[in-house]
Amino acid sequence: MKIAIASGKGGTGKTTLATSLSSHLSETQDVVLVDLDVEEPNSRLFIRGDQTHSQSICKQVPEWTGDCSLCGQCQEICNFNAVIKVGTQIMLFPELCHSCRACSELCPESALPLKPRKIGMLNQIQAGNLIFVESRLEIGEQQAVPLISQTKDYIDNHFDESYIIIYDSPPGTSCPVIEASKDADFVILVTEPTPFGLYDLKLAVEVMRKMKKDFGVVVNRDGLGNNDVLDYCDMETIPVLARISNDRRIAELYAAGELIFSTIPEFKEQLLLLERSLELSTVVDPV
Ligand code: SF4
Ligand code: SF4
């Protein structure tokens, strides 16, 4: 089973939930936690173990050989302005390139061969029974999606269906979160009971519905704001899978890089509730 943990808004507690859920499940099952928040991965702060594998991740980008008739076809075909003709030169902007290969294939002089360009690093860590994989985008790289996509390919090639795969997705509702959750069996949307939380939750719900994903909501910092998030979920018949209290002890453990469920019983109860709900997929009674 693949579970993506996402949120419309950053800072809602997505990583807290992803690391806690995967660590707790790994006490009894084979679990892989994958940090796909490649622009700022931070699950590793909570996972202590030994690095067992590391590799570079590359994407294919064209390189101009200079052996060119200056026909301009490459500039015309590129939808991303990643290749432009300037006077007698062809300029390439590899950060903008989507590796579609069109310019390279169409160039009549074969003057744009594709070359690998490093976009990030993938690391695998063994922490007890938990396998943790994270990818980290190179500084200056602008596209998270190719790195997320290749990280998921790595997971598919190395871990079969006997593993529970948990994706710690990027925040937001744009391409990276869509890439991270598009093949998930279930998406957990983490939110907080504030006007900002509700606004971004609505956007995330809209995206999940467009993607036809099964999803449910976990309310973090429950008790902080008002009941609008719960009322919205009730009105939209969205299952609320767990409610994690707004508890200073959780913030203190998070700040210390500690896992929370082993210290705070109320948090563990909510994790157990969530785990039971996930077995039932979307057929869940609101809490
Ligand atoms: S398509 Fe090839 S030959 Fe034409 S301008 Fe681009 S690099 Fe030069
Ligand atoms: S490979 Fe595609 S995206 Fe990249 S420069 Fe060529 S046409 Fe543009």
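Author: Axes here are lines fitted to C-alpha atoms, for helices over the stretch in contact, and angles run from 0 to 180 degrees between N-to-C directions. Helices (H or I, at least four residues) and strands (E, at least two) are DSSP runs, numbered from the N terminus. The model is predicted: local features need pLDDT of at least 70, side-chain atom pairs count only at pLDDT 80 or more, and totals for chains, interfaces and linings use all residues. Residues are numbered from 1 along each chain as its sequence is written, while chains are lettered from A and ligands numbered from 1 in the order in which they are written.

Two packed helices are described by the angle between their axes and the distance between the axes. For α6 (residues 195-210) and α7 (residues 228-235), the angle is about 25° and the axes lie 9 Å apart. The two helices α6 and α7 are therefore roughly parallel to each other (angles under 35 degrees count as roughly parallel, over 145 as roughly antiparallel, 65 to 115 as roughly perpendicular and the rest as oblique). On the α6 side, the contact is made by Gly-197, Leu-198 and Leu-201; α7 contributes Asp-228, Val-229 and Tyr-232. Residues are in contact if their C-beta atoms, placed from the backbone, lie within 7 Å. By class, this contact of α6 with α7 has four nonpolar, one polar and one charged residues (Ala, Val, Leu, Ile, Met, Phe, Trp, Tyr, Cys and Pro count as nonpolar, Asp, Glu, Lys and Arg as charged, and the others, Gly among them, as polar).

As for the rest, the protein chain has nine helices and 11 strands. Its C-alpha atoms fill a box of roughly 70 × 45 × 35 Å along the principal axes. Of contacts between residues at least 6 apart in sequence, 73% join residues at least 24 apart.

Technical notes
Contact = placed C-beta atoms within 7 Å.
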